[in-house]
Amino acid sequence: MLFKTLPIMLLVTAFAYAQTVETTSTEEAPKTPLTYPLNPVVKKFCEQLDEKFKAYKWGEAHCEYFDWINVRKTNKGTPLIWTTFGEEKSKGAANTTLILCGVHGDEITPVKFCWDLMRELKSNHTFNNKMVVVAPVVSPDSFFIPRPTRTNAAGVDVNRNFPTADWRAEAHKRWKTNYRADKRKFPGPYAASEQETIFQMNLILRYKPNKVITVHAPLTMLDYDGPSLRAEAGKSAKELLEQMSKKSDGYKVSNYPIFPGSLGNWSGKEKHIPTYTLELPNSNPLETDKFWLLFKDAVIYAIEHPMKPTID
Ligand SMILES: [Zn+2]
């Protein structure tokens with residue numbers, strides 16, 4: 001009897017597992033974290049991450065310490081994972097912050113910055129009516145390789161690939177004229193062609209964050225996209241921008257231009273979600289402790305800072 005039913009049981013199990021990791025719809029994303037028992041896909045991710053932590057002398061990552069959620073994979077099969085802290089908006093939390101790191105794989109320091117933040121949130125923080133969503137390695141294929149690259153495995157800059165209104169008319173044109181078709185900034189064959197882009201979009205559509213913080217390097221500035229800072233609607237966003245700068249020793253605030261297909265253009269300009277780009281001073285893995293100390297208060301303040309929801 002057992003021999004007869006075993007293949008069916010295995011088939012059912014395999015199917016259920018495939019459903020868990022292959023689901024592509026935001027709405028069907030698993031609600032329960034997959035870390036325990038450690039999902040084999042996440043386990044492999046954590047092993048790759050451990051290697052990088054060792055190479056950059058960052059100590060133990062303790063990746064399995066966090067509750068990971070995984071729906072989507074890159075075209076190379078690497079899981080795109082995230083973790084959450086606090087209560088989801090649908091359960092009453094009013095203040096959701098989405099934090100993205102490792103969007104460009106050759107920007108090493110942001111990944112550790114997200115890691116330091118996750119540790120802080122897990123061990124020292126209480127969540128009162130708020131939620132924080134952290135995706136620490138948005139573009140894992142370009143971060144995990146021996147010589148990390150800005151673009152993903154398909155050679156696409158996933159911060160030029162969002163389906164903004166100007167993408168079709170402008171993305172390739174501007175790439176050729178302004179950047180002389182620099183391969184590092186290729187916006188992709190079509191808008192939202194990349195899994196890493198869809199991953200970021202779906203986090204925004206699923207959690208409807210009140211604000212987004214994306215961490216890059218090395219432009220040494222804080223940039224803002226979203227509701228006009230001069231209008232009433234942008235008052236709270238402006239206050240946060242000023243406070244973030246103040247709390248990081250007067251870090252430079254710069255109005256960096258938006259690009260066809262950039263996150264700031266899609267979520268800030270088009271979806272009116274205050275979107276902050278924190279550009280760390282450099283990508284030197286040995287300086288991450290310094291950056292955490294410099295920006296810790298700013299990012300914690302941002303998480304605490306309430307803002308009106310802009311999409312529902
Ligand atoms: Zn970047």
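1. Basis. Because the model is predicted, local features need pLDDT of at least 70 and side-chain atom pairs count only at pLDDT 80 or more, while totals for chains, interfaces and linings use all residues. Residues are numbered from 1 along each chain as its sequence is written.

2. Overall make-up. The protein has nine helices and seven strands, these being DSSP runs numbered from the N terminus (helices H or I, at least four residues; strands E, at least two). Of its 312 residues, 44% are buried, where buried stands for 20 or more other C-beta atoms within 10 Å of a residue's own, exposed for 12 or fewer, and partly exposed for values in between, with C-beta atoms placed from the backbone. Among contacts with a separation of 6 or more, 78% join residues 24 or more positions apart, a contact being two such C-beta atoms within 7 Å.

3. Leaving aside residues up to four places away in sequence, C114 touches I99, C101, V134, P136 and V215.

4. Helix pair. The axes of α7 (residues 235-246) and α9 (residues 288-304) come within 8 Å and cross at roughly 160°, with axes fitted to C-alpha atoms over the stretch in contact and angles running from 0 to 180 degrees between N-to-C directions. The two helices are therefore roughly antiparallel, a term for angles over 145 degrees. The contact is made by L240, Q243 and M244 of α7 together with A298, Y301 and A302 of α9.

5. Cis peptide. The bond from A217 to P218 is cis, with omega near 5°, and P218 is placed in the loop between β5 (211-216) and β6 (221-225).

6. Positive phi. Two residues other than glycine deserve a look: A181 has phi near 55°, and A192 has a positive phi of about 55°. A181 lies in the loop between α5 (167-179) and α6 (195-207), and A192 is likewise placed in the loop between α5 and α6. A181 is exposed, with 11 other C-beta atoms within 10 Å, whereas A192 is partly exposed, with 18.

Conventions: Parallel < 35°, antiparallel > 145°, perpendicular 65-115°, else oblique.
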